[in-house]
Amino acid sequence: MRRKLLAAAICATLSALGLVALSTTATADPLRSHAGSRFIGYALNLTAQGSDASYRTVGAREFNIVTAENAMKFDATEPNQNQFTFGQADQVVAAAQANNQQIHGHTLVWHSQTPGWIQGLGATQMRAAMQNHINTVVGRYANSVRSWDVVNEAFNEDGSFRQSFWFNTLGQSYIADAFRFARAADPDAELCINDFNTDGMGAKSNGLFNLVQSLVQQGVPINCVGFQGHLAIQFSFPNQVQQNFQRFANLGLNVKITELDVRMQNPRDATKDNTQATYYRNMVNACLAVTRCNQITIWGFTDRYSWVPETFPSECCALLYDQNYSPKPAYTAVHDALGGNEPVPPDPTPPTTPGTPAASNVTSNSANLTWAASTDTGGSGLAGYNIYRRQGTTDTLLSQSTTNSTTLTGLTPSTQYVVVVRARDGAGNLSPTSATATFTTLAGPVTGTCQVAYTATNWGGGGGFTGGVTITNTGTAAINGWTLAFSFPAGQRVSQGWSATWNQPQGSANVTATPLSWNTTIPPSSSVQIGFNGSFTGSSNPEPTAFTINNTACTVV
Ligand code: XIL
């Protein structure tokens, strides 16, 4: 006992002199021991990891998940096309695994820290390069990275899409494509979209919400939404963070705080430290209040290594420990919020069985389903429904719905579907399975030997856009003379086109394009590219989903 006290006294004295880092020698009660079923993490700075033993000690002791601050970004992993450099990313993975920590991957598709070579490519090559990048990086870490920021910072502050090179070249479909490519490379990883200034309710988080909701409805493989949480005490705390997190959770997605830090203007003082602690506590509490919020990651942990002073020159001190590894009020706030959190009350009771679904409006590729709602009495509340296709003894998830009806899309023509529904509650309990509904989709159009790629590039505001259509002859015989037909889903209009004769009757969504003399013939394996300027109303410009050439459906890529 005497020895311990003496050691502590010496340690404290040395620490006050800045000679030893007190908290790196203490073994108290680290954050990770209070994480429960959640993850509590930090962004790992590889330079610090390599040179600073105190950094290594605290990082390993306090956290149970690691994000590479820079090492997994595009410029670090594929600086030249198809030349992959995984040295730094591998070091992060090795460090995390040595400390029994999980890994959150950051990030695959972003406008920043992405090499120039991909930014100048045309649409077809850019999409292929994106696919190759995602496939290679996600594939390499499929057994070690548990979750990925697939798309980072896709929004402007007003909730419109950021006019990044990705968006400008590929249109908004780059987002869904990125998720599909990531899912193909790793069937198990949690796949997130991530952004900043989306923590509270507002125009930007509304834009994100609308996108995420439509991705879920389309069956795009997205599992989580990351809220960066780069806050500053000179700005007010974001609005209704918990409610904002909850609306995303209600879509059936997990929620994560991915890059939390709370900066202040120089110089640091005790009052600012306390305000900062309150911001940290509020963020942690917002996450803890949402059952599906399963990760809180801080963007570093010591003010010795932080992106803040470089990025915001008059600001500092955004993290939990000071430069000498002494815990600040912010550390105590996070620690106590985690520790003081009552465990989520157990809810072993699943919801009641949903009613037998009824199918209506069956087309060649879609059908509506409605069923009598379930109730949940276990305390966590009804969260939604899973809709499955039954084939023999296997039920495969087709879609999820937060209400007692859904529209199934992407079905196969002329096919019998047997479907069942199960309700979910907030604790993840599934109800018994409903009785079956059986319906058969109508015959679909015959798919011919054409392939269509459509792009839409919105102009900066004003509802104008440039549309492009690439028609490829995928058959073995030449196409001599063609009529392309499609219909706009949201009232868009063609105003003027090129490389074809464009026609869109007044008041109609249907568009046709016929060739000019020089592109009447499309030889096998060849393409023609045609385009137009058009207009859309409101904030979204969804793409047509079906195209025909000479009345025969084309594959859409
Ligand atoms: C930052 C890193 O912390 C810096 O080291 C780097 O110079 C720039 O990027 N949002 C993100 C992170 O998604 O990747 C950024 O990280 C911080 C803002």
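## Basis of the model

Residues are numbered from 1 along each chain as its sequence is written, and side-chain values use heavy atoms, with hydrogens and water left out. In this predicted model, local features need pLDDT of at least 70 and side-chain atom pairs count only at pLDDT 80 or more, while totals for chains, interfaces and linings use all residues.

## Domains and their interface

The chain is divided into domain 1 (35-340), domain 2 (358-440) and domain 3 (450-556); these bounds come from an automatic or database domain assignment. Between domain 1 and domain 2, the C-alpha centres lie 33 Å apart. Six residues from domain 1 and six residues from domain 2 make the contact, where contact means heavy atoms within 4.5 Å.

The size of an interface is often given as the accessible area lost when the parts come together. Domain 1 and domain 2 bury about 350 Å² between them, and carbon and sulfur atoms give 37% of this. Buried area here is the accessible area (1.4 Å probe) that two parts lose on being put together, summed over both. On the side of domain 1, Asn-250, Gly-252 and Thr-291 lose the most area to domain 2, together 52% of what that side buries. The domain 1 residues that touch domain 2 divide into one nonpolar, four polar and one charged. In this scheme Ala, Val, Leu, Ile, Met, Phe, Trp, Tyr, Cys and Pro are nonpolar, Asp, Glu, Lys and Arg are charged, and the others, Gly among them, are polar. Zero salt bridges are found across this interface.

## Salt bridges

The structure holds 12 salt bridges, each a side-chain nitrogen of Lys or Arg within 4 Å of a carboxyl oxygen of Asp or Glu. One of them joins Arg-180 and Asp-177, at 3.7 Å from N to O. Both residues lie in helix α10 (residues 173-185), three residues apart, about one turn of the helix. Helices (H or I, at least four residues) and strands (E, at least two) are DSSP runs, numbered from the N terminus. Arg-180 is partly exposed at 37% relative accessible area, whereas Asp-177 is buried at 13%. Buried means under 20% relative accessible area and exposed over 50%, with partly exposed in between (1.4 Å probe, protein chains only). Arg-127, Asp-177 and Arg-180 are linked in a network of salt bridges.

Asp-303 and Lys-328 form another salt bridge, at 2.6 Å from N to O. Asp-303 lies in the loop between β9 (293-298) and α14 (308-311) and Lys-328 in the loop between β10 (315-316) and α15 (329-340), so the pair ties together parts that are 25 residues apart in sequence. Asp-303 is buried at 9% relative accessibility, and Lys-328 is buried at 2%.

## Helix α12

In helix α12 (residues 241-249), the buried residues are Val-241, Asn-244, Phe-245, Arg-247, Phe-248 and Ala-249. Their cover includes α11 (203-217), β6 (224-227), β8 (254-265) and α13 (270-288).

## The site of His-230

His-230 is in strand β7 (residues 230-232) and counts as buried, at 13% relative accessibility. Beyond its neighbours within four places in sequence, His-230 is in contact with Glu-259, Asp-261, Arg-263, Trp-299 and Trp-307. The His-230 side chain makes a polar contact with the side chain of Glu-259 at 2.7 Å and with that of Asp-261 at 2.7 Å. A polar contact is a pair of N or O atoms within 3.5 Å; within protein, one must be able to donate a hydrogen and the other to accept it, and residues adjacent in sequence count only if both atoms are side-chain atoms.
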